[in-house]
Amino acid sequence: MVTRLPGSHAALDLVVPKLSGAIEGTGDNVWIEVIQKMDEVYTDLVDSQTALEEQNARLEEAQDFIGSVLGAMTDVLVACDTEGRIQQVNPALEAIVGKKERTLIGQPIAELFQEKSQGVVTGFLQALRTGGKVSQRDVSLAATDSQNALISTICTARHDHRGRLVGMVLVGRPVGELKRAYRDLDAAQEKLTRTQQQLFVSEKMAALGRLVAGVAHELNNPISFVFGNMYALKRYGAAITRYLTACDEEKTRDEMKTLRKDLKIDQVLRDIGPLVDGTLEGAERVRDIVQELRRFSSNQQEQPEDFNVVRLIRTAADWVIKAQRVKPELRLELPDRLDMTGRKGQMHQIVVNLVQNAADVLDGRPDGEIVISGERQGDDIVLRVADNGTGIADAHRDKIFEPFFTTKPIGSGTGLGLYVSYNMAAKQGGHLSVENRPEGGAEFILRVPADVRNEG
Ligand SMILES: Nc1ncnc2c1ncn2[C@@H]1O[C@H](COP(=O)(O)OP(=O)(O)O)[C@@H](O)[C@H]1O
Ligand SMILES: [Mg+2]
């Protein structure tokens, strides 16, 4: 008899009739049993074959997945055994060292690195073997392109299912690119700082240009009284010379007395002292103004120094107001002294800018008034420069401290005054802000630490 087995069992189909024919006399039942057993075994075989194929497919899938993950990694990855022999690398590493995984497998891991880094990498292995910790380090790969050689790396131990150390995995991030980006950023930052410094200088030069008339005025006053005094001294000198010459001419006592009276010698002698003092004072004033001017125009980095803010405000405001065609009223609400330690030139420049803006908004107005007040508040000096001008339009409030924002015609505004002042205040650890006054006009408030040396 022929028993049909399920599936494509052509070989069995042939075998079964042969067997049944060969062992004559054996009971049919026995054969059926044997064949059934074989059928069961065969079915099991087919089942496990299918399961194996499925498992294999899953394994391939998992391997593909891991491969794609490793391939997608931009970080480099190397796995090695406890002896440091390479077991696996990813494509990112292949690309940097310019070698394929198959040529690397079995090679010592240290050979992937430049000589200077080899010790570090073997050190990782040693540390892991002795149960120590491995911290992040920068090492250099033996790269084909030196710009990509530097990697920031971290190593971890690899264990088998029984927890035994079987090797290590090294993962590294190429930082050459990052370092280059940082360098570029640094260069850009430096360029920006330089440009900003140039802006500061141009602003100062523009302010200086506008101040010249006021400064000239300021200089005029002491110079004219130095001149006046010198002319008087010259006259006095002539009188004294005449009197002394007469002394040698054997004149009588009475003649000398009359001459002394005519030449007003006593008055001359009384006046000489105060005249010389006045002249010296005038010369000192000229020297001070020139010094302030030099300081104002200097581009050198200033060192903090002690000074009286009240004097500084007077000078700065005078310079600006004296240059105005129609001079606004200047009211100072200041104590006798306001001492501070800071960058005097910068403070001067800020005050000049604020007073200049107030004078600009009041330009030509007969009732213009600028009020400058100042006081010490705790550790700070607070100055307010207020005017009775237009105030700041709401739409401009956010913009006035930006560079190049100006509402003034070309030639009279650079739009840099407030930008520079704001930055200078901030650099000293202070702050510049503005409010519109309820009665009209703007009020700028400058707050700076009384001692900048206390600032970081
Ligand atoms: N006291 C003020 N009153 C009204 N507007 C002002 C005052 N101060 C500044 N502003 C406004 O802020 C702008 C920017 O000032 P600033 O930075 O000093 O540049 P600039 O004076 O060259 O225009 C001015 O053009 C003006 O519109
Ligand atoms: Mg200005």
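## Second largest pocket

Helices H6 (176–247), H8 (265–297), H10 (344–361) and H11 (417–427) each supply at least two residues of the lining of the second largest pocket (helices are DSSP runs of H or I with at least four residues, numbered from the N terminus). H6 provides the largest share, six residues. The model is predicted, with local features needing pLDDT of at least 70 and side-chain atom pairs pLDDT 80 or more, while totals for chains, interfaces and linings use all residues. Residues are numbered from 1 along each chain as its sequence is written, and side-chain values use heavy atoms, without hydrogens and water.

This pocket has a volume of about 620 Å³. Of its 21 lining residues, Asn299, Gln300, Gln301, Glu302 and Gln346 are the closest to its centre. A pocket is an open set of points on a 1 Å grid over the protein atoms alone, where a 1.4 Å probe fits, with protein on both sides within 12 Å along at least five of seven lines; lining residues have an atom within 4 Å of a point. Volume is the space filled by probe spheres set on the points, which are joined across faces, edges and corners.

## Largest pocket

The largest pocket has a volume of about 720 Å³. Among its 33 lining residues, Asn357, Asp360, Thr406, Thr407 and Lys408 lie closest to the centre. H10 gives the most to this lining, with seven residues.

## Domain setting

Domain 3 (184–300) and domain 4 (304–456) both contribute to the lining of the largest pocket, so this pocket lies between them (the bounds come from an automatic or database domain assignment). Each of these domains also gives at least three residues to the lining of the second largest pocket.

Methods
Chains are lettered from A and ligands numbered from 1 in the order in which they are written.
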